[in-house]
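Dear colleague,

Please find the structure below, followed by a summary of what was found in it.

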Amino acid sequence: MNQAYEQLNAVLDPNKVARWELDAVKAEADRGEALDIYLLRGDKAPTFHEAQLKLGKNPVSSSANLGSVAWLAEGISIEDSQDQLRYELRQLPSPMSARQEVKTSEKRQRLSSRIEKFHSTGQAFLKGLEIDGAFIPQDDPAFCVQEDQEKEDGEFWEDDDTVLEAPDEEVQELASELMSIWMPSSIGAAKLMEIGLHDLLKEEMELRIGQANDCLDQLRTDLGSKAMLYRQNFRTANSTREGTRTKKEIQKVVVRINKHVRSYQRARKAILRLDLNDSIGEKFKEIQPEDLAVSKEVTEENRFGQGVSKMAWFWMVDGEQNLLNGDSGGLMEECE
């Protein structure tokens with residue numbers, strides 16, 4: 001690997017290489033947005049907010065319902081809030097303290113109110129359609145690991161010393177973080193087309209694609225951060241203090257990565273339900289736990305067998321491209 005690196009450097013502009021090296025040192029020190037220098041330049045896939053703005057300015061048809069895009073965006077936001085609350089609840093001890101029970105009840109009631117308002121507003125867009133059956137959101141256990149290591153922080157439940165009174169009883173029978181969210185994707189493409197809800201189908205599809213693109217972009221960024229932290233952990237293995245701090249930072253990154261994957265899974269399931277021809281769903285493949293592992297090239301620079309190592313599929317898609325194709329504007333395109 002070192003020989004190949006030297007051969008590559010030999011044909012590059014020395015001034016450019018020197019600038020890259022300075023940028024790399026700065027990125028490792030500052031982290032955060034400084035790590036954006038490692039993002040490959042090229043055609044960026046449309047984000048969720050870009051899709052929402054586009055649909056707001058240019059409706060999918062002249063008959064599209066006013067306010068439907070904002071309603072769909074609120075539904076996706078509620079799903080994210082449900083996921084966040086489920087995550088927070090997994091950090092709590094069993095049994096909970098009185099304060100934790102009060103705060104949990106308050107969070108659930110606020111979320112329940114949002115869901116009730118969302119469903120009430122949705123009746124106008126869904127033409128009064130009753131959605132048969134209910135489903136309970138399920139988080140893939142494979143992407144909830146290492147969260148228990150965050151419990152000691154208690155950051156979600158610390159508050160001021162204001163005394164709060166617990167409500168007499170729960171407002172809802174089913175906890176709000178487990179309530180079904182009635183979206184067009186809950187109905188399915190065939191039924192939507194049958195009852196004439198073509199516009200809603202197209203609108204949610206574009207928003208879900210933007211959601212999936214955002215998740216993949218954030219996932220790649222945090223996986224890069226995770227790789228850098230692993231490399232730093234190996235370099236500072238002789239320093240107990242630095243090693244412990246790095247491991248805690250890695251744990252926080254892993255929590256973010258799992259959150260991105262869970263959001264991506266929700267977007268992907270919706271896309272598959274809305275995709276009539278399975279053409280769009282082919283791009284958004286399933287993410288496996290092994291796809292999130294740190295490449296051994298990060299910790300073992302001269303490892304045998306590097307030539308046959310394979311990258312996870314989400315490193316090879318961007319925009320409308322799905323291959324590492326420099327001629328067609330893919331991720332192998334020149335970064336400068």
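Leaving aside neighbours within four places in sequence, L219 is in contact (heavy atoms within 4.5 Å) with I257, H260, V261, I287, L292 and F314. The model is predicted, so local features need pLDDT of at least 70 and side-chain atom pairs count only at pLDDT 80 or more, while totals for chains, interfaces and linings use all residues. Residues are numbered from 1 along each chain as its sequence is written, and side-chain values use heavy atoms, with hydrogens and water left out.

L219 also belongs to the largest nonpolar core, a set of 52 residues in which L207, L219, Y264, I287, L292 and F314 touch the most other members. Such a core consists of buried Ala, Val, Leu, Ile, Met, Phe, Trp, Tyr and Cys residues joined through side-chain atoms within 4.5 Å; buried means under 20% relative accessible area, with a 1.4 Å probe and protein chains only. At least two residues of this core come from each of α3 (48-57), α4 (68-90), α5, α7 (189-194), α8 (198-235) and α9. Helices are DSSP runs of H or I, at least four residues long, numbered from the N terminus. The largest share, 11 residues, is supplied by α8.

S263 is a residue of helix α9 (residues 240-274). It counts as buried because its relative accessibility is 9%. Beyond its neighbours within four places in sequence, S263 contacts D80, Q211 and C215.

Helix α5 (residues 98-125) has 28 residues and should span 40 Å at 1.5 Å a residue, which agrees with the 41 Å between its end C-alpha atoms; the expected span is 1.5 Å times one less than the number of residues. Buried residues in α5 include L111, I115, F118 and F125. K127, which follows α5, has a positive phi, near 60 degrees.

Yours sincerely

How values were computed. Buried means under 20% relative accessible area, exposed over 50%, partly exposed in between (1.4 Å probe, protein chains only).
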